[in-house]
Amino acid sequence: MEEPRIGVYVCWCGTNISKMVDVEAVSQEVSKLPHVVLAKNYKYMCSDPGQELIIKDIKGHHLNRVVVAACSPRIHELTFRKACEKAGINPYLFEMANVREQDSWVHTDRSEATRKAIDLVIAAIRRVEFHEPLEKRSVSVDPATLIIGGGVSGMIAALEIGNAGKKVYLIEKTDRLGGHVAKFDLLFPHLSSSKQMMRPIIQRVENHPNIDVFLNTQITDVSGYIGNFTTTIQVNGNEPAKLTFGNIIAAVGLKPFDPSGITEYGYGKFPDVVTSIEFEEMLSKGKIFTKYGKEPRNVAIIHCVGSRNKNYHEYCSRTCCMVALKYVHQIRAALPSANIFEVYADMRAYGKGHEEFYALTTHKQIIFLMFDQQDGLPRIREADRNDDCNMIIEMDEKLSGLSIEVPVDMVILMVNMEAVDHVKEVVRAIGVSLCGNQFFIEKHPKLDPVATTTGGVYIVGTCQGPKDIPDSVAQAKAAAARILATIATGTCPVEVTTAFVNEKMCCGCQTCISVCPYTAISYNKEKKVSEVNEVLCKGCGTCGGTCPAGAITSKHFTDLQIISEIEGIMSMSYKGF
Amino acid sequence: MSNETTNQKPKLNLAIYWGSACGGCCVSVLDVHEKVLDIVAAADLVFWPIALDIKYKDVEAMPDGHIDLTLFNGAVRNSENEHIAKLLRKKSKILVAYGSCAYMGGIPGLANFTVKEDLLRRVYEESESTLNPEKIRPLTEVKVPEGKLTIPHLYNTVRCLDQVVDVDYYIPGCPPQSERLVEVFSLVVSGKPLPPKGTVVGALEKTNCDECKRTKSENKKIKKFYRPWEIQDDKVTCFLEQGVICMGPATRGGCGVRCVEGNSPCRGCYGPPSTSSDPGAKMISAIGTMIDSNSEEEISKIIEDIVDPAGLFYRFSLPGSILRRKVV
């Protein structure tokens, strides 16, 4: 290894760091360390002049390692790596010490904070000494895309990609496209027709030259990695077809919650207690009627069925309040003299035009009755012989504080959405993770809501969490844009700081295989060693930590680098035994 | 090794010494059986306290570098161990840390989990077989009519040989396999180029699983840890997969997987491979990933079955590990 020549730069961050840390003392102190050629401090290292300073010194002083003590590497590591690269040294021969978030911002004693800054900078200096240059890697991208799920999200994504001239394989488990939305009658809040919206979309998808639709098909196994996936599908007993594609969109949706388990509502026992899905079908057929074919005179709509309740699902399904209000309009139009009861726990009308829709609905001569989710659900019982209705809802009305009985002939249960039955198989096939509610987990809850931690795999629509049509469409288009961008580039970068197995040291114990969250490690029976697929590897370091023989090294996180860093941080205060 | 080659060369001066040791390493030298005749044909034993009556003053009288090869076994735990280690370093061309104690601190090194005072109190006052109402402790100096008697004083911290003097090579094992000793000795006698200084010799590069004949899979899921006597070993499956902690994956091979061949899990006496600096930490990390539970409560319960984890995972390696000792 060439003799390390390290340049150290301590940032003031205006007064953010310099107020609490004596930046001059830090640069003075660390300038005495071996291999440190120069140590400077500057007002804003991330500014153009700050970066120029580094570039000039690398060239002028033949530096081959750089340490910047500034903010979190999450903010500016890339900035300084690029500066290093610009000056002609490998960007990984750089290390950042966080003396802002982990020091100046969280301390009140200037001398202690300065001492800590020195410790942190020494740690970075000791570590960077052992940094090795790493090369950026990329893989080619197959321009085809696999979309799993032919609902509104899947179809919109397919059209976006297909219209851009790229191949799409759209896989649908059932015998028709459209998902749940195609079965709906009207859509909130504009009471527009679902079928009028969906039919042209379905037709465009079916007739699209770039979209191959596979109905009655399920994906069981996908192999490969970002840019280069393959799967084999079986269509209606025909010959199995092998598909290759570079990206995957999971749009498998959710399914309605089955309310049979909620004894209070007697679903399955009372024929005129129906789910919102069943009521939607009734509306599509054009007639609202009870089991005996009569028009109901009293209709109740119960909200939050299987939602926001620890016994069923804790989450809110986000759409049913508005669907319930939509039913008011449809029932009122069909049955002008019926009594309509909205039996709700909370009214959630947060979306565009939703609050206005709520206000509009209140003018429809209906009665809102509130119940307390925490304090017992309403209970439906059969009406007495003399009653002028089929059933009675007994409930504690929260706003009036009264225990009341509500006469009803029909009850609509606004059922929650939950994971589809085959969610685990999908998850296994495409290598993504599920949260506790069995929704697919996105890469970042705020900043990357359509990607997953598996490269090339995107999640759109309700499988990522309950949402309405516009949100699903937005996600579908976002995922399509992301995929088209990688297709346009032709290649995509893969992780640089991956793990590798030193075959000369691997004893074949196989401890590493099951710990890998990305199934990147496999056992080579002939060589009797484990092997890391560096394209699948995300560099999480789990295997390197677990390898009892020390045969697995995580690049940029070698034992030598980490131990040197620890020794560095301890060097000022720790003098041995 | 053949007599023809050795006869043509001057005999080597060989020394064998024990520091803080049990004597097993010295016995392992005798364990070469009839090969011992080859050794004495090729070398003069100039110092070997267990077998020969040669005094320290005789060694002190030797010119520096007089000894060609010294096999130093045992840890450095008292002033005498340290004095002789330094003396032998001066007098030897090649100093070998022989056996786990000299190499890593070994079993005596477990004393680093306590401090000298606690240790002496236990031994001289509290142990079940001790009767010492006056609480007499050994003194390092005592005056008798004939003059002053001294004995070495015990250190608070046990060290391995290279923490005291410069060491040329390491031969691991508790004790080292005698065959390995013969190989190393033959190499020195042959005059062939020696491996780079600091090399672990008489051992393999890979860890024990590589040679182990038991069936291994990725299925290392442990719901309960067993001590070897608590289960009926099936004699075929990897010990870890049966819930028995085996140090094999973290331990350098070279012993011939003898313990496992004898249906006993590896205890780790050959120490870590060159790629690992701390076999205890490595093994704890590995074991951590094998525990088959995601519930914190259940994991704590499973871990309770590991009796004396520090002593188990660092049985032979504590002084030479990153941990070195309990901080007091």
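Domain bounds here come from an automatic or database domain assignment. On that basis, chain B splits into domain 1 (3–108 + 158–190), domain 2 (109–155) and domain 3 (208–313). This is a predicted model, where local features need pLDDT of at least 70, side-chain atom pairs count only at pLDDT 80 or more, and totals for chains, interfaces and linings use all residues. Residues are numbered from 1 along each chain as its sequence is written, while chains are lettered from A and ligands numbered from 1 in the order in which they are written.

Staying with the domains, the centres of domain 2 and domain 3 of chain B, taken over C-alpha atoms, are separated by 37 Å. Four residues of domain 2 of chain A and five residues of domain 4 of chain A make up their contact, with two residues counted as in contact if their C-beta atoms, placed from the backbone, lie within 7 Å. On the domain 2 side of chain A, that gives one nonpolar, three polar and no charged residues. The classes are simple: Ala, Val, Leu, Ile, Met, Phe, Trp, Tyr, Cys and Pro count as nonpolar, Asp, Glu, Lys and Arg as charged, and the others, Gly among them, as polar.

Between the chains, 21 residues of chain A are in contact with 25 residues of chain B. The elements of chain A that put two or more residues into the side touching chain B are α12 (542–546) and α13 (559–570); helices (H or I, at least four residues) and strands (E, at least two) are DSSP runs, numbered from the N terminus.

Next come the helix pairs. Two packed helices are described by the angle between their axes and the distance between the axes. Helix α2 (residues 48–60) and helix α3 (residues 73–86) of chain A have axes that come within 9 Å and cross at roughly 35°. The axes are lines fitted to C-alpha atoms, for helices over the stretch in contact, and angles run from 0 to 180 degrees between N-to-C directions. The α2(A)–α3(A) crossing is right-handed, a crossing being left-handed if the near helix is turned anticlockwise from the far one by less than a right angle, and right-handed if clockwise. On α2(A) the contact uses A:Q51, A:I54, A:I55 and A:I58, and on α3(A) it uses A:T79, A:F80, A:A83, A:C84 and A:K86. Sorted by class, these residues are six nonpolar, two polar and one charged.

Also in chain A, helix α1 (residues 23–30) and helix α4 (residues 110–128) have axes that come within 9 Å and cross at roughly 40°. α1(A) and α4(A) are therefore oblique to each other; angles under 35 degrees count as roughly parallel, over 145 as roughly antiparallel, 65 to 115 as roughly perpendicular and the rest as oblique. The crossing of α1(A) and α4(A) is right-handed. Here A:A25, A:V26, A:E29 and A:V30 of α1(A) meet A:T114, A:A117, A:I118, A:V121, A:I122 and A:I125 of α4(A), for a tally of eight nonpolar, one polar and one charged.

As for sheets, chain B has an open one of five strands with parallel pairing, in the order β2-β1-β3-β5-β9. Two strands pair if DSSP finds at least two bridges between them. The edges are β2 (43–47) and β9 (169–171) of chain B, each with a single partner strand, so one side of each has no neighbour in the sheet. From one strand to the next, the twist averages 30°. Within chain B, β1 (residues 12–18) and β3 (residues 67–73) pair in the parallel sense over five bridges, and B:Y17 has B:F72 in β3(B) as its bridge partner. Helix α8 (residues 178–190) of chain B packs on the sheet and touches β1, β3, β5 (92–98) and β9 of chain B, its direction making about 155° with that of β9(B).

A cis peptide bond with omega of about -5° joins B:C174 and B:P175, and B:P175 falls in the loop between β9 and α8 of chain B. A:F188 and A:P189 are likewise joined by a cis peptide bond, with omega about -5°.
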